[in-house]
Amino acid sequence: MKVALLSSGLVPLPPVRGGAVEEYVFQLSKNLRKLGVEAIAIDFTFSDSDTGLHEVDGSLILKIKVSNITRVPKKMISQELVFGLKASEILKEFDVIHANTAWAGFAVTTKLRNKNLVYTCHNGLWIEEKVHAGEHIVRVIEGSTMRRSKAVIALNKAMMKALIKRARVDPQKIFIVPNGVDTEFFKPNIPADDVIKKYGLKGRRIVLFVGRVTCGKGVHLLLKAFKELIVKYKDLKLVIAGPLTDHFGEGEPSRYAKLLMCYAEKSLPRNSYVFVGQIDKNTLRKLYSTAYVCVLPSYVEAFPMVLIEAMASGCPVIGSSIGGIVDVIVKGVTGFIFKKGDYIDLKEKMEILLECETLRNKMSAKSREIVEKRYSWFVVASKIVDIYRNVVRTQ
């Protein structure tokens, strides 16, 4: 079986500094090949010298050249559409096309209506009742793509229900398969002396946030909760790891990020926090491995890769009561769930862990155990292979 996994093209494969969808495509293609599937990840490039097949860590990546679009409104959307249309020219030879983003997926389904298309929905906003005007347009496009697809993968139960209700996707062709994590890369007890020294973490209990520093991630809630806790627990240090910009490729911190940094400077002891910005994956896994707890206070999440990466690293997790978070965290076993938007509840959940080292250690061990059983990429890829086979059989 020959499978093409279509990325957005906006973050090069393999992703080095973020890009959850791109990581999904890269890891899935790699593990499908381990299962005997002829899987190729499709990416784009602007350079003639970079085109063609590239083998990277067991994944085959085919880079196709597209024109660099400039001076148009919504450049990223236009670029993704062009990529999807260009990719369609070579996708006819594949048994299954697995798309992962709205605009590239729409372009492919428009061009190749009768192909075996599988679509994974990574868009957590489908779960929300009220969304901005731009998201309504995305829903029209992505909904159309999913209705045309032979199979749709939802990352959690809440998303499946939302796709049936709002996107009008046939329930018979929706399958729940979570994201996966590389359990060989993310693991406990990784030596991290360099990171500890660089960010001044020695002798501190690290409260870690990982993700783009945007309002939707609720980072301000964590800062407020941390402000309450640092008064009592002097050995804490808050590490905020992730891009300070709204979008990939931007240089200046967003207005929201600047406001957070200003708040931290005025409200927290000088050495009790650090904004480390965008980091590479090796630094990230060291931070997970040394963290006391990883907190994800988001308002919207489709499937939080951060949580399963932290759990694979033996780090207990705390997250808000929304979307994919409630499907991942086993309350009282791998971490805690707090009421969305309630920083006092978040503070109280964090305090339970800080007061009980024994509980924290039990959660650490259980987190790793559960990830190995449920979220290793090999387990996830095996489930997706079954979906591909079903699609091919019923064509």
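Start by selecting helix α7, residues 219-230, and colour Val219, His220, Leu221, Leu222, Leu223, Ala225, Phe226, Leu229 and Ile230: these are buried (under 20% relative accessible area with a 1.4 Å probe, protein chains only; exposed is over 50%, partly exposed in between). That makes nine of the twelve residues in α7, so the helix is mostly covered. Helices here are DSSP runs of H or I with at least four residues, and strands are E runs of at least two, numbered from the N terminus.

You're looking at a predicted model, where local features need pLDDT of at least 70, side-chain atom pairs count only at pLDDT 80 or more, and totals for chains, interfaces and linings use all residues. Residues are numbered from 1 along each chain as its sequence is written, and side-chain values use heavy atoms, without hydrogens or water.

Now show what the buried side of α7 packs against: β9 (205-210), β10 (236-241), α8 (255-267), β12 (293-296) and α12 (343-355).

Next, select phenylalanine 185 and phenylalanine 186. Their rings pair (centres within 6.5 Å) edge-to-face (planes over 60 degrees apart; under 30 is stacked, the rest tilted), at 5.0 Å centre to centre and 85° between the planes.

Last stop: Phe44, Phe46 and Phe83, which ring pairs link into a cluster.

Conventions:
The expected span of a helix is 1.5 Å times one less than its number of residues. Contact means heavy atoms within 4.5 Å. Rings of Phe, Tyr and Trp (its six-membered ring) pair if their centres lie within 6.5 Å; planes under 30 degrees apart count as stacked, over 60 as edge-to-face and the rest as tilted.
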